[in-house]
Amino acid sequence: MWQRKHIEELVDDLTTEFLEYYQHGDARPAVADYGAYFMGSIVLAGRENAIIDGQQRFSSLTLLLMYLNNRLKAIGQSYNMIETMIFSESFGTKSFNINVDDRQECMEAIFNNKEYDTTGAGESVRNLYGRYLDIQDVFPPDISDNMLLHFCDWLAEKVFL
């Protein structure tokens, strides 16, 4: 079962690793010299690249990206690469990389930084929204607004699955 402790571990691992490299006053290009981080593997199968192993890791990372995207929007910033890691486009139609029908409404709400009422929602959707709320709770204040773009650069360019 995907729980708060899993989100706490992931956020703590990633932010701690980032803060090992970040120096106050670093320009964004300095992130190119930061160390890499391996998050583990994801096993895909079939033409649709169905996730056989690593769904929790992939979902957690997607929720973290959505959290970062919402924080950036709140301070008038954007990071185009984040959206491409959250969405895919096929035949002119955008869809979330976690494209599960019953999660669609919840994903839209999270992406648009809106409250989502989980009353009557299935366990999977309640869990997804709960883990997003966990990220909001546990993301460390050490990663301040003026470091967010550096963190996004590191996450996009230096964190591997």
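**Salt bridges and nonpolar core**

In this predicted model, the side chains of R4 and D134 form a salt bridge, with an N to O distance of 3.1 Å. The two residues belong to distant parts of the chain: R4 sits in helix α1 and D134 in helix α5, 130 residues apart. Their surroundings were examined next. R4 is partly exposed, at a relative accessible area of 32%. D134 has a relative accessibility of 7%, under the 20% limit, and therefore counts as buried.

D137 and R4 form a salt bridge, at 3.2 Å from N to O. This pair, too, joins distant parts of the chain, with D137 in helix α5 and R4 in helix α1, 133 residues apart. D137 counts as exposed because its relative accessibility, 55%, is over 50%.

R4, E8, R131, D134 and D137 are linked in it through salt bridges. In the whole model the count of salt bridges comes to six.

Another of the pairs involves helix α2. D145 forms a salt bridge with R71, and their closest N and O atoms are 2.7 Å apart. D145 lies in the loop between α5 and α6, whereas R71 lies in helix α2, so the pair ties together parts that are 74 residues apart in sequence. D145 is partly exposed, with a relative accessible area of 40%. R71 has a relative accessibility of 17%; this is under 20%, so R71 counts as buried.

The largest nonpolar core has 49 residues. Those with the most contacts inside this core are L14, M66, L68, F151, W154 and L155. Six elements are listed below as giving two or more residues to the core. They are α1 (4-21), α2 (55-74), α3 (80-86), α4 (104-111), α5 (123-138) and α6 (148-158). Helix α2 gives the largest share, nine residues.

L68 illustrates the packing within the core. Apart from neighbours within four places in sequence, L68 is in contact with I82, F139, L148, F151, C152 and L155. Among these partners, F151 and L155 are themselves listed with the most contacts inside the core, as is L68.

Key
Residues are numbered from 1 along each chain as its sequence is written. This is a predicted model: local features need pLDDT of at least 70, side-chain atom pairs count only at pLDDT 80 or more; totals for chains, interfaces and linings use all residues. Side-chain values use heavy atoms; hydrogens and water are left out. A nonpolar core is a set of buried Ala, Val, Leu, Ile, Met, Phe, Trp, Tyr and Cys residues joined through side-chain atoms within 4.5 Å. Buried means under 20% relative accessible area, exposed over 50%, partly exposed in between (1.4 Å probe, protein chains only). Helices (H or I, at least four residues) and strands (E, at least two) are DSSP runs, numbered from the N terminus. Contact means heavy atoms within 4.5 Å. A salt bridge is a side-chain nitrogen of Lys or Arg within 4 Å of a carboxyl oxygen of Asp or Glu.
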